[in-house]
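Subject: Structure handover

Hello,

Here is the structure I promised you. Please open it next to this note; my findings follow below.

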Amino acid sequence: MGSVRKASAWLGLVEDNDERYYDDEYTEGTETGTGNQAWVTDPRVQVAAEAAEEQDRRIATVTPDSFRDARAIGELFRDGVPVIVNLTAMDPADAKRVVDFAAGLIFGLRGSIDRVATRVFLLSPADTQVVAGEAAGRKADGFFNQS
């Protein structure tokens with residue numbers, strides 16, 4: 001796969017045909033109910049309950065239908081809330097526009113963007129640290145951390 005194709009697949013603009021990461025045990029359509037969720041004006045934007053808001057521990061999930069929904073992403077991110085953007089329901093042209101908007105947003109507000117899955121991104125404000133999990137059997141002072 002060429003570098004342009006890999007970049008497009010990473011952004012979720014083209015289908016990633018790399019079968020190495022395919023999970024046979026994944027089943028679609030099995031969603032669990034989550035009970036006490038607070039909704040912000042638009043039902044496609046979910047934010048944590050008020051108790052989490054008081055402790056400043058909120059993460060928003062946004063599933064935009066078109067580029068018009070980018071404003072909700074920007075307003076949440078501007079307020080310091082990490083935003084998970086799920087672009088799987090959008091056509092590739094609008095998804096690319098939203099990714100471009102998110103890139104400008106994180107640049108202007110000194111945040112960061114991480115790819116969570118195909119066409120799903122995490123926008124983190126400047127004061128938020130994203131911690132990647134370490135493999136259980138790997139030592140932190142192993143071969144790769146030679147100072």
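A residue counts as buried when its relative accessible area is under 20%. By that cut-off, 27% of the 147 residues in the protein are buried. Please keep in mind that this is a predicted model.

The overall layout: the protein has 4 helices and 6 strands. Starting at the N terminus, their order is α-β-β-α-β-α-β-α-β-β. Among contacts with a separation of 6 or more, 45% link residues 24 or more positions apart. The accessible surface is about 10,900 Å², and carbon and sulfur atoms hold 50% of that.

Now to strand β4. This strand spans residues 83-86, and Val83 belongs to it. Strand β3 (residues 60-62) runs parallel to β4, joined by 3 bridges. Val62 sits opposite Val85 of β4. Between β3 and β4 the chain passes through helix α3 (residues 70-78), giving a right-handed β-α-β crossover. Strand β6 (residues 120-124) pairs with β4 as well, through 4 bridges, and this pair is antiparallel. Here Asn86 has Val120 of β6 as its bridge partner.

Val83 has a relative accessible area of 0%, so it counts as buried. Its C-alpha atom is 9.0 Å from that of Arg58, 25 residues away along the chain.

Last, the charged pairs. The whole structure holds 3 salt bridges.

- Arg71 and Glu75: their side chains meet at 2.7 Å, N to O. The two are 4 residues apart in helix α3, so about one helical turn separates them. Arg71 is exposed at 61% relative accessible area, while Glu75 is partly exposed at 31%.
- Asp94 and Arg97: the closest N and O atoms are 4.0 Å apart. Both residues lie in helix α4 (residues 92-108), 3 residues apart, about one turn. Arg97 is partly exposed at 43%.
- Asp100 and Lys96: the N to O distance is 3.5 Å. They are 4 residues apart in α4, so again about one helical turn. Asp100 is partly exposed at 46%, and Lys96 is partly exposed at 42%.

Best wishes

Terms used. Residues are numbered from 1 along each chain as its sequence is written. This is a predicted model: local features need pLDDT of at least 70, side-chain atom pairs count only at pLDDT 80 or more; totals for chains, interfaces and linings use all residues. Side-chain values use heavy atoms; hydrogens and water are left out. Buried means under 20% relative accessible area, exposed over 50%, partly exposed in between (1.4 Å probe, protein chains only). Two strands pair if DSSP finds at least two bridges between them. A crossover is right-handed if, with the strands pointing away from the viewer, the path from the first strand over the helix to the second runs clockwise. Contact means heavy atoms within 4.5 Å. Accessible areas come from the Shrake-Rupley method with a 1.4 Å probe; for residues, only the protein chains shown count as cover.
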